[in-house]
Amino acid sequence: MSIWEYANPVKFMRVSGAALPWLAIAAAVCTLGGIAWGFLTPEDYKQGSTVKIVFLHVPAAMMAINIWVMMLIASLIWLIRRHHVSALAAKAAAPVGAVMTLIALATGAIWGQPMWGTWWEWDPRLTSFLILLLFYIGYIALWSAIEDPDSAADLTGVLCLVGSVFALLSRYAVLFWNQGLHQGASLSVAPGERMSEVYRYPLYVSMLGFLLLFLVLVLVRTRTEIRRRRLAALQAREMRA
Amino acid sequence: MIALLKRDLALATRAGGGFGLAVAFFLILCALVPFGVGPETSALRPIAPGILWVGALLSCLLSLDRIFALDHEDGSLDLLATAPIPLEAVTALKALAHWITTGLPLVVAAPVFGILLHLPGQATGWLIVSLLIGTPALSMLGAFGAAITVGLRRGGLLLSLLVLPLYIPTLIFGTEIIRRGAEGGDPTTPILFLAGITAGVMALVPFAAAAALRVNLR
Amino acid sequence: MIDLGKYAGTVLAAYGVSLLLLAGIVWQSWAANARARRELEKYEKNG
């Protein structure tokens with residue numbers, strides 16, 4: 001029994017179908033619970049009630065980056081071991097990642113308006129996220145432009161690889177270009193810089209919720225892709241017959 | 001391999017406008033900017049490095065889809081794929097031909113357009129240096145984008161969408177060289193970064209481009 | 001009702017936009033999946 005057995009579409013459909021309802025419930029509870037808990041936290045002495053936005057902003061930003069990493073891994077698995085489910089999972093993840101990036105940017109802009117006095121600042125972190133959004137858009141556009149599914153998987157896989165290198169490169173180039181306003185990482189391990197526990201626990205719940213939500217969405221979207229692929233295969237077989 | 005390069009250069013010049021078109025576009029772009037921001041030297045001078053680099057980027061983009069498209073249509077790309085030279089070398093040569101017909105003319109023309117935008121005199125040298133180091137990377141990355149979109153019917157727009165984000169690091173370091181040069185600072189650090197990016201791109205991207213071409217020729 | 005102070009508009013806008021976007025992607029995924037399943041079942045039934 002190895003993990004590669006799940007690369008079999010039939011097995012994947014069976015296992016994911018059985019797990020989905022439970023995962024969906026857990027995702028809904030954690031996401032909505034985390035957000036609601038965050039909404040009810042007390043005000044920060046400096047930021048006022050805008051501190052509540054962190055429970056959306058940080059999990060979305062975290063997922064925006066991690067989803068790209070997951071797409072990179074899935075693309076590599078496809079390019080090296082040719083498992084179709086892996087390529088489809090990368091395809092399924094991209095729109096979710098784009099939405100997460102959009103949420104991080106939107107909540108950041110809305111928060112920045114009263115706090116920094118501007119909707120947008122060409123700060124390294126903000127700029128990097130904008131660039132990440134461009135890469136997501138290019139990746140999704142390439143998937144939808146190519147008709148042959150295997151070629152599409154190959155080409156988007158190569159693009160994801162090259163794009164990852166350049167996204168990382170841009171991250172550091174941007175740092176060189178402009179030093180920013182954005183505060184450092186929200187969840188620092190260094191003592192004394194930590195967020196107070198009142199904010200930390202709802203944030204953990206919310207992050208877990210976003211992660212589970214992403215898992216559910218990827219599974220659902222991958223199942224959609226498998227079904228579409230199967231339908232296309234059946235129709236092609238009938239055409240030949 | 002030399003023969004292939006010569007053939008590509010001959011094709012580009014004979015097709016008409018291979019050399020001239022990108023430079024003409026560059027000129028129009030640089031001429032349009034003052035209409036947008038006003039003719040004052042104080043307004044143009046600080047943005048001149050950025051305009052020149054963005055202009056070079058866009059001019060480079062114009063002719064990218066032709067790197068492989070013509071050869072793909074008449075089938076000579078299939079012949080090249082089965083030729084004794086590796087496909088990686090073919091893509092690198094194609095990028096080189098694109099650079100000679102587009103990048104090099106831009107480098108030569110840029111100082112003249114710099115005058116139009118009131119670029120300070122001492123920055124002109126750095127403008128040439130930065131473009132000379134940076135434009136080969138633009139051509140090579142463009143060849144990668146062209147290789148990915150070669151089989152598509154409406155690949156042009158998609159090509160721009162895929163390639164432009166890849167140009168960001170080159171653009172950042174390229175303009176930084178000129179800005180520091182114009183202020184009389186020391187541009188060694190951005191020059192090294194830019195050269196590093198170009199070297200890395202030249203070494204690695206041909207493999208990605210060749211892989212994409214093989215998929216499209218399947 | 002919880003008092004959000006002077007930043008009420010900001011906080012509510014951020015929550016509104018985020019929940020809207022999340023709901024959008026969830027709905028889109030679910031609808032596409034339901035459609036793919038319907039089409040496949042229809043096809044498999046009719047042969």
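How far apart do the end C-alpha atoms of residues 157–178 of chain B lie, and how much of the span is helix or strand? In this predicted model, where local features need pLDDT of at least 70, side-chain atom pairs count only at pLDDT 80 or more, and totals for chains, interfaces and linings use all residues, the end C-alpha atoms of that span lie 30 Å apart, and the span is 95% helix and 0% strand. Residues are numbered from 1 along each chain as its sequence is written, while chains are lettered from A and ligands numbered from 1 in the order in which they are written.

Helices are taken as DSSP runs (H or I, at least four residues), numbered from the N terminus, and strands likewise (E, at least two). Residues 190–213 of chain B are 100% helix and 0% strand, with end C-alpha atoms 33 Å apart. In helix α9 (residues 168–182) of chain B, 13 of the 15 residues are buried (20 or more other C-beta atoms, placed from the backbone, within 10 Å of a residue's own). Just after α9(B), Gly184(B) adopts a positive phi of about 80°.

How values were computed. Buried ≥ 20, exposed ≤ 12 C-beta atoms within 10 Å, placed from the backbone.
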